[in-house]
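Please keep the structure open as you go through the points.

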Amino acid sequence: MQTGITLAFDQHTAPALAVEAAKLAEERGFHSLWVPEHVLFFRDYDSRYPYAENGRIPGDPDGVLDPFSALTFVAAHTSRIRLGTGICIVPQRHPVYTAKQVADLDYLSGGRVDFGIGVGWLAEEFEALGIPFEDRGPRTDECLAAMKALWGGDPAEHRGARFAFSGALMNPKPVQRPHPPIFVGGESRPAYRRVARHAQGWYGFRLTPERLAECLATLDEALAAEGRARDDVLVYASPAGRPHPDVLKAFRDAGVDQLIVPTMARDADGYRRRMDGLAEMVRAAA
């Protein structure tokens, strides 16, 4: 089982610290680095954050760097670690621009992109963007179809309910062909169906080993309905709470291909301590 980390770069993260954190992760042999996305946060909101019992996103954040800006910056200072969007809120974006950003990042990084996607949970964010929250599932599916067309051969064509183009040229293409691997985030039946129909992997968030087993059983059902099996996709998961060797072993034994661990700090020494501790824990669980 591989190990990745999540880093949330915000207005408190100096550019030099973002570089230092990424380099520390690469030097310690972590397989991937993931960053989240929200273009807006709100002090007051009626939406329910799905990964906390009180429905509030922990820490009440008020901003994070755009994932493609952050990962492009990090790519220029690293050479091996994979770069993941964890997750990109696809239905909030125009698919032509998203396809371009993914392709350019893959090109500039030498083919290191893992494209994690989701439909979002914060209705107030969609409202501010003028995008119907209730349409986010079907809109995501069409965005994926449009992006895959643009990542394929030229000229590209797509005609759907929301977006249409023909004779379109978009270059450079992604280094990874036919496109960077797509990881669908979420623990709902629509998310599992989206994995089965469109993706190369599933990314589960804030999971216990017990909850993971439930998720994988439902994922297997969705894959079977599309004529696929677990071996056809990669399973990535982020643990609930702080991990320890027994938890790492449980995720590994359950068939997780990569465990992605949130790693937060305010300075380089903090990142170094946390990454060293995680690296030691991974060795202990091996």
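**Notes on the model**

1. Let's start with Trp-34, which counts as buried because its relative accessibility is 0% (buried means under 20% relative accessible area, exposed over 50%, partly exposed in between, with a 1.4 Å probe and protein chains only). Before going on, please note that this is a predicted model, where local features need pLDDT of at least 70, side-chain atom pairs count only at pLDDT 80 or more, and totals for chains, interfaces and linings use all residues. Residues are numbered from 1 along each chain as its sequence is written, and side-chain values use heavy atoms, leaving out hydrogens and water.

2. Which aromatic pair involves Trp-34? Eleven aromatic pairs turn up in a search of the whole structure (rings of Phe, Tyr and Trp, the last by its six-membered ring, pair if their centres lie within 6.5 Å; planes under 30 degrees apart are stacked, over 60 edge-to-face, the rest tilted). Trp-34 pairs edge-to-face with Phe-183, at 6.1 Å centre to centre and 85° between the planes. The two sit 149 residues apart, Trp-34 in strand S2 (residues 32–35) and Phe-183 in strand S8 (residues 182–185); helices (H or I, at least four residues) and strands (E, at least two) are DSSP runs numbered from the N terminus. Phe-183 is also buried, at 0% relative accessibility.

3. The largest nonpolar core has 70 residues, and Phe-9, Phe-115, Trp-202, Tyr-271 and Met-275 have the most contacts inside it. Such a core is a set of buried Ala, Val, Leu, Ile, Met, Phe, Trp, Tyr and Cys residues joined through side-chain atoms within 4.5 Å. A second, separate core of 13 residues includes Tyr-45, Tyr-49, Leu-122 and Phe-205. Tyr-45, Tyr-49 and Phe-205 also belong to one aromatic cluster with Tyr-51 and Trp-121.

4. Helix H8 (residues 245–253) has Val-247, Leu-248 and Phe-251 buried. These buried residues line one face of the helix, because they fall within an arc of 100° seen down its axis (the arc is that of the directions from the helix axis to the C-beta atoms). Asp-246 and Asp-253 are exposed on the face turned away from the buried side. After H8 comes Gly-255, with a positive phi near 100°.

5. For the cysteines, how many disulfides are there? The count is zero, a disulfide being a pair of cysteine sulfur atoms within 2.5 Å. The sulfur of Cys-143 is too far for a bond, because the closest cysteine sulfur, in Cys-88, is 9.2 Å away. Cys-143 is buried, at 1% relative accessibility, and Cys-215 is buried at 1% as well.
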